[in-house]
Each structure stands twice: as C-alpha cells, then as structure tokens.
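Please keep the sequence and the coordinates at hand.

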Amino acid sequence: MNGISFTLNGREVTYTGSAADRLLDVLRRDYGCTSVKCGCKEGECGACAVLVDGVLLNSCCVAMGAVDGAAIVTMEGYCKTERFAVLDRAFADLSAVQCGFCIPGMVLAAEALLAKNPHPTEAEIREGLSGNLCRCTGYNAIVNAVENAAKEGNGLW
Amino acid sequence: MVNGFAPATLQEALAIRAAQDVTPYAGGTDLMVENRRGVSYLFLSKIPELRQITVDDTCVRIGAAVTFTEALADERVPQIMRDALAGIAAPAIRNAGTFGGNLGNGSAKADSVLVEFALDAKLRLVSLSGERIVPVEQFYLGRKKLDLHSDELIAEILLPKTGWENYYYEKVGGRNALAISRVAFAGVLRMENDRIVDLSAAFGAVADTVLRLKDAEGMLIGKTVAEAKAAKEAFLSRYEQDLTLTRGRVSAEYRKAVCLRLLQAFLEKFGI
Amino acid sequence: MENISRSVVKKDHAPKMSGRSIYVSDYQTAQSGERILTGKLLRSTLAHARVLGVDVPELPEGYFYVDARDVPGDNNVNIVLDDTPVFCRETVEYIGDPIAMLCGPDPDEVERLVKACRVRYEELEPVLDLAAGQEAFFDYRFGHGDVDAAFAAADKQYDETFETGYQDQTYLEPQGMMAEPEADGGMYVHGSMQCVYYVHGALPRVLACAPEKVHVFQDVTGGGFGGKEDYPSVLGCQVAVAARKCGAPVRCVLDRREDLACTSKRHPSLCRYRAAVKDGKVTALEIDVRFNAGGYSTLSAVVLQRGIIAAQGVYNIPNLRLRGRAIKTNTVPNGAYRGFGGPQTFFAVEMMMDHIARDLGVDALAFKEAHLVKKGDSTSTEGRYHFPVPLPGMIDQVDAACDLRKKRALYSQPQTGRYRRGIGTSLYFHGAGFTGSGERDLIKAVAKLRKYADGTVEVLAANGEIGQGLRTTFPKIVAQELGLPLEKVSYNHPDTARVPDSGPTVASRSLMVVGELLRRAAAKLKAQWRDGEEQEVEERFREPDFLIPFYLDKFSGDAYPTYSWGVNAIEVEVDTYTGKTKILGAYGSFDVGTPIDEKIVIGQMEGGFLQGIGYASIEKMAYDHTGRIRSNSFSDYLIPTAADVPNLKCMLYVEKYPEGPYGAKGAGELPLVGAPGAYVEAMEQALGGVSLHHAPFTAEDTMDTIVKEGL
C-alpha cells in the first residue's frame, strides 16, 4: 500500500499511517509542527489552521487522505517568507500578540485573506479572520495590524 | 493508502463504493468532528466530475465536491444560494465544506440544503448501475435518514437557472460568524402577469428536516399582490398553527417566533 | 504621554508570532528525553453519588490506573480551604469530579481505557438550585448606618432580584499540566498556569515531601483570565501523583469539551436588592447575595468577598446591610474569572439604580451621578476613597466619544419599525490588588533583581506572563529606573527553583504591587551599582501608611488601597424580527493610572471589554436538571468573533496612584466588569423601557420580551 505523499513547508514527505488520521495530530506528532495548535478539534476556533494548496483549512477537520499530493504550509514554513515579515512588523507595532495561542492560525488566515484580496476593507478583514477565535485582544489590534500590513506590503500580495 | 481510497475518477469511486464499506468524504468538516476510529474513507475531492459547476438550458449543476468558497465566487450560482453560502461558518470551513457533504450529513441545519428545498432542487445520484434524479425533498426521509443507497454517491445538485430572483433569505445564528443556524429562512416568489404563480417558504434548523408547508404556500398562489395582502392574516395564522418545531438547544418558542416574523418579512419585501 | 507609557515591541512577540513558543502540549519528550505518558481523567457522570467502586479494564503493560489510594500524602489540594480532593473521596460532588487518571503511552488507548472503566455508584440527591441551596461554604454579613430607620422613613421602597449566569474563561489554550519525576526523587511540575507558587504550595502536602523536593515552572500560557489561578493546582497534583506512581513523566491536557464542562467558571449569582428612597436619593440598601460555589469551596471565599464589597457600586449609600453567601451545589466548582465577583454585583447595583431612576422619572445617568462617591468619602466597608474619583471626567470622555446623553434622550422616545435602538451606561471600579489585608498577611511578596557581570539585569519574580504583557512591562519599569536600554533587562517565565514568591498572578496586582517592588529594587540597585560585578537586590511588600486596617471578621477598613475606574456606554440595535442585537458601538473610558505601555494597556482594555460584552449577551452556559453543563462545546458556548463588535473603542483616563510604579494601578480585570450593566440597560431602552433583571440577555430573552410586550 502506498503512503500519503505531500509537501510540508516545501519538503516532500510521505505519511504511512491511516488516511483517517487527523492532519492536526499528524503535523504535531509526526512532523513536529507544534505551531499548529489544538484549541477544540471541532473546526470552531481556527487555532489549527494551515494552508493546503494556498487554501486556509482547519487541520483538525482534515483527514490525511485528503492531502495526498497537496502542498501544506504551516507557520514553521510561512515564518520564513517576506510576507510574514510584513505581518510580523505590523503585529509587533500594535502589540497585537497577547497569549499567542491563536496567532499562528490567525496569521495564516490573514495570509489567505490578503492572497485573495490584497486591499481588504476593515469589514473584509473581520470577515476573513472570523473563523479564528482570540480571547485576549478584542480583535482590534489584530484587525488593524492586518490593515497596516496590507498597506505596507503593497505589491507583495 | 491505509484506511482510505482516493479515486481519480467517478467510475473508480463508484466501484469502491459498491465493493467496500466506506464513508464518502468530501470536505471533512462534519466527519472529522466525529472522528470515528477504524473508519475507511472514500475521498472524493480529486474527482473532476464532482468538482465542477456547469450550466445547461434549465439548470445550474453543482458538483457534490464543489466547496462553498468555490460556489460563492461563481456568478452562475443563484444569488440566493450565494447569500446562504456567505453566511456559513467562516472562511476555513467554507473552503472545505461541500454541497454533497452538507446533504450527506443529513442535518436540517445545513444552510445550502435549505436553499435547495426552497428552489425545489434535484439531486443526481449515481451508482455503477446507473443514476437517479431525486427531488431534494424526497431525498430526506427523516432525521439523518437519506434516500441514498449504500452503493450510491451524490454527484450533482441541480438548481433552477431562473425563477429565484424574487427571494428573501435570512439566517439567524448565535453570533455574526462561526454560527450554526438557529433558524434559517428562504422564501421565493414567482410572479407572472401580476399574479403569484409560485411561492416557496422553507425553514431550516427547526425540525428533523427542512420544513415547507406546501398547502399553506398554495394559499397565496394564483393571487395578485392585493389579493395576497387580504389573505395574509390567514396565511400567517396557518403557519402559526401548523409549523411544528422540534426541541433543541435554543427553545422552540424562540425559533417559532422568529420563523413567523421572517415569513412576514418575506411577504413585506414584496409588498404583501 | 509619559516616557514609560510609550509602547515597545513586546519581548515575547517574536517567538509567539512565529509559532516557536512551546506550550505544555508542545513538548515532544520530557526534559530527560523520556517519552511522555498521556494522562486522562475518569470523571463522575453523576452530580452527587457515593462511589462504590470502579471496574477497571485489564491494563496493557505500561498503562496505569491512578486514584486517591495512590496519593502519598493528604488527598487535598490546598486552595483556600482543604476540601478539594486530588481524586474523589467516598463521594463525587459534581458531574466531572475526577475519580481517577488513566495513564499510558498511546493517547487513543488511554482514552479507550477511560471509556471502558465502569464506575459503580449509589446515587445521592443532588442540590442544583442556587435559590434553594441551604449549605453555605461562606456566609458573610456587614453593613453600616441604620437600615431599618432609613426604610421606616423612606418615601419609596424597591425590592428586586438580579441574576447572572456562568461565564467560561475560554482561554484558547485548554488547561494542561505535566509532571516529571527527577533523579533525586524530586518532582518537576510545569504547564499552563498563572500562579507557580500556588501549585508549589499544594504539591508537598499531596506528595508528602519537603517543599524543596518540588519545583514548578510556568510554560508559555495560552490565556488565563482567572481560569488558571487555582485549577492548575488541582491538575498539577493529579499529574504529580500519577507521575509518582508511573515512575515516568505524565502530561494531562484537557480537551475543549472537558475543559468547558469541568473547570472553574464565573459564579452564577442571585442578588436581591431592597432600596429605600427619600427625597429622590437612595438612603439605604439591603442586599442579599448568593453565589453558586459548586461542589467544592475552591476560591469562592475570596470571590464572594470582592463581590459583596462592590455591591453598593460607586455610590454613596448612607445605610447598608448586606449578607453574602457562597452556596454549595452539586455542580462544577466555580472560581476566579477576571472581575472576581465584581461583575455580578455591579450588574445588580447598576440595574437597580437604573430601575429606581426610571420609576422616579429621572434619567438613570443623572440619578447615578447624583449619588457618586468622591475623594474622602467612606467605602462600603467604612474605608476611604483616598484619591480623587475621576468618574465625572470619564463620563464626559465617553459622552464626547458617542453622544451618550443625546442618544439616551433620543432613544427614550417611542420607537416603531423592525429595528429599535438603545444606549446604556455603567459606572464602576475594580479594587486594585488583593482584597483586605491579603497582601500584608498572606502574600508578603518578595521580588528580586539580579545584575550580571555583563551589565544585564534579570527580574526574579513569580508572576506569569499570560498575555497581559508582564515579560515586557516588568523589564520596562526596571530599565526606566536604572536608565538602561530595555534589551538589557529580561524577565522569563517563573521557575520556583529560581525566583522568590512575589505572589500570584491575580487580582490585577502584578503590575501595581510587584511592579512597584521592582521599581524600588531597581532604585536600590542603581544606588549600589558596581560595574562588572554580579549583584542581587531584594524588595519586600510593605503596606502603604495611609491605609485604614482591614478586618475581615467585621468587613471594616480599606478593602483596597486604591481603585481603577470604568465608564462604559454600549449602543445597540435590536432586530425585533429575530431577537438579534447588533452592537453599534461599545465605548469605554478606563482609569488604570499611568499605563506602563499604552498599547499593552489598550489591548487589555479591548480584550476585557469584549469578554464583558460576550458575558452580557451571547455567552450562555447552564446545566440541566441532572447538573450536566449543556453548552460544553465551541458550537454551543459562543464567544465573540472578529465580526461581532467591530466598533469597540477604549480610551484611557489617567488618575495616578502615588504608590504604584510611575502612578500605575491594577488594569487587567477592570474592563470586563461593567459591560453587563451597560448592555442590559441599552436593551431595556431598545425594548421600550422594560425592566430587565438578568445577564446574559440573549436573543431568546429578547424575543421573549418582544412577544410579551407586544413590540
């Protein structure tokens, strides 16, 4: 039986476990991607969000069999990009990171949003981040940071 | 792969479906919450036939594995459906969730299914031995019970190309995003020569399946707006009397009050 | 703006932003390199029962069953009283009460084993009704003046009861703790927590060992909000007992449903207020407060104390009689949550004032303003407001931001149509630091600075960074005092093996109390500074001279040295067809003294205010007739998303506290406290001037009112 092959942050890997296993568990356990956080395992908080072929998915709600042939990006890979650097500065400037647990998923949600819509309105940002719960910030700082990143990163997205 | 099949064509998928005890897997957003152990999944997302939206003379045909995000971006999909899709959960869920999955999960809270009821959508079900076209209403046999044979897959959802333009859609959830419907309403009115020729009023998340009271709907059919206005009180009280809600986390009293008011808002929108 | 208030990049920004921070669930191995066993709790499925026995399935090799018999010392987790067991005794007292822990290498197998355990119970009658509960863990009475005479002389009397529900802290990182046996027989316990020394204090009794044999480290913690004040002591003792039995590292991370159903929450409350009014002023209040403590007493004593001390609000009430009880019920024990008893009683008193004003035909805000305390006035416990009360200026600030007075008048006119609007306000305080003499008698905080030969300085304190910014603000204070660049001063997560006990991370005390110790330590270090040498300085808490001593037995004296103040206005639009409420704007003016980093403080205000709005509106959690919490998942227990309150505006108003570092006061809890009062008052106005008595006030409640009132 063949394994499940995919690229993880640009690296080709093959998973030989069950196709029914959760992507979230596999990323954390087998590939050490602990930036992918488990907040609920029900698709209701966004802490485990990753990019699969550029699309934002909650990795708790993805079975391994569904990522055969896909390109997966987690914060471990994304944090090395130029786009991340722009978001990083914007979040830092507004002290938008508090406990940090929602942040990897939140930042990937911001990336997914900006990739689709490089100049979103505030309402579009709020909608784009609406699947990622944050209990610390009240969201203002995060939303403003994404807005600033969109301005600063002109051309990157 | 272990505990899973990832066929590349529909034929291949149907062969596996017929021969094995597999659970069809489209987006995973419902299945993975359950996360049953020892289950074997039939992954449908790589099958081109299930991933496309096409339009023929009368229908917009949406493949069962088309995601909500994809349909939301496709202007050929009726606006009433896109309104409903826009209100589903949040981007990451819409990126995964599919039309077939929303149907296959069998929940009366499925927002895309509500619109399918309101539009009298049809489903194309396929198996190795052929295909069936089933009206969505007949597909739902009861709470989580579907008219889907163990060798069948949902292939397409057939929505009418026109006739839905006069609609009212509203979802009432517990918050502005990431919310499961507490009540959802989809109403469609079709007028010809100043008369109502068709009316549908569908209620989601209130009973075991999406609810439509066909008899009550008929009360306004054939009437002008003025005549419908005169019949409005009787129409509304018919719903008040006949709309039977199941118990849920959110009280039936609340949901019923909302149903009746949304029905009224639907009529008001069209001057009734 | 003061120099100290200027924002900097938070010291923990980079690792958190890039996902590199290691939370307790992220360790791949123990520090020894050993495999970590997974622990999972077997919990009671009945609210009240005698446990006759547990049929444990056959355990594969390497798997363990751990229960009360495995506790080497006392089966008690020291919190306030000693009634919370590590694992249940003969009875279980709530659904979720831990009976045992199953441990082993494969999480799936451990889960299977937990499910395969059969607990044999003898069912006992549970107490579930807060109003009817007879047993009080704590029963306090205090007051002042002559209440009976005031009622006898009153023009009007009022008698109303207010109710508030649960609120779950909903930190994004669920509770998790890990214990690692060490080679010397010691036990290393670490995880997600607010108070390393609370866990450290609880472990030796349970493990029957010397305090030196345990050390506790706070891992990066994904939010606390009070929820990780006492519960980590319970979970920490459980994993430590398990690790001792297994002879291996054990980690237990709760899953979300377990966390929602089985860990402490904000106490549901019932507050009956009787008021006497003469010549348009409230002359007396008689208040009966009931908090639902749950199955064990945990932190209920101190939560109740803070709640009842705040029960007369920000108003001068000449005569007060108060009784407050923490009622035992067979439900999940409730504990600390941001605000700590204050949100419940402030809701009640704000609604009461609003209702009296409406009955008297005067505007609620004007009525409240006519009763406001000011500097020099007596507090509910006959202490003093020693410093200026900035509420009038703060009300003006909010009015300027949202046209509060104009809108209030406008929305009080009759409204028609599908959408109706209202705006409500609340005025409140949060007493800064521990209640009463706790800082002096119980905590006795000690903080240190260690200067290294290279000229860098490390802060040694026990307060945990939980998102509120301590890893940045503590060093800012020290750097400012020493005149050093910020990068020369560091503060790490506390490890009891390295840091003194500067007290718990609670009560909005860390910055104000410990921050001031650090400022003084820095001043001392500066005076003694010798280049190239390693030096250490220490500071100990001393009570400010101006304080009127507080006596808990009489509830008299200064319960707090100073107060942080809040004014909120919330503007709503109700959809009468769906019962849904759109928040048009939420405005907060907050006085937390000098902000030690403005953006950090604003972040605290915005986050806390939104939690308060959630508490007031959509965060509904209740138990059924069996005592089972029904809203135990993220699809049932709804907290606000980014799309829910887009127009949230927080403003600072600075009334410096001379005893706080650079004038800073407590900040963290304040912004949550007033939201329910402002929100429900706004709902009353939108719903045509009805009187409402409970929070959260949900869409269901709204529709219920619409139907009843025929709106």
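Does A:Arg135 count as buried or exposed? At 5% relative accessibility, A:Arg135 counts as buried, where buried means under 20% relative accessible area, exposed over 50%, and partly exposed in between, with a 1.4 Å probe and protein chains only. The model is predicted, so local features need pLDDT of at least 70 and side-chain atom pairs count only at pLDDT 80 or more, while totals for chains, interfaces and linings use all residues. Residues are numbered from 1 along each chain as its sequence is written, chains are lettered from A and ligands numbered from 1 in the order in which they are written, and side-chain values use heavy atoms, without hydrogens and water.

A:Arg135 forms a salt bridge (a side-chain nitrogen of Lys or Arg within 4 Å of a carboxyl oxygen of Asp or Glu) with C:Glu619, the closest N and O atoms being 2.7 Å apart. Because C:Glu619 lies in the loop between α15 and β23 of chain C and A:Arg135 in the loop between α5 and α6 of chain A, the pair joins two chains. Helices (H or I, at least four residues) and strands (E, at least two) are DSSP runs, numbered from the N terminus. C:Glu619 is also buried, at 0% relative accessibility.

Within chain C, C:Asp139 pairs with C:Arg323 in a salt bridge at 2.6 Å between the closest N and O atoms. C:Asp139 is in strand β7 and C:Arg323 in strand β15, 184 residues apart. C:Asp139 is partly exposed at 36%, and C:Arg323 is partly exposed at 23%.

Over all chains, the count comes to 83 salt bridges.
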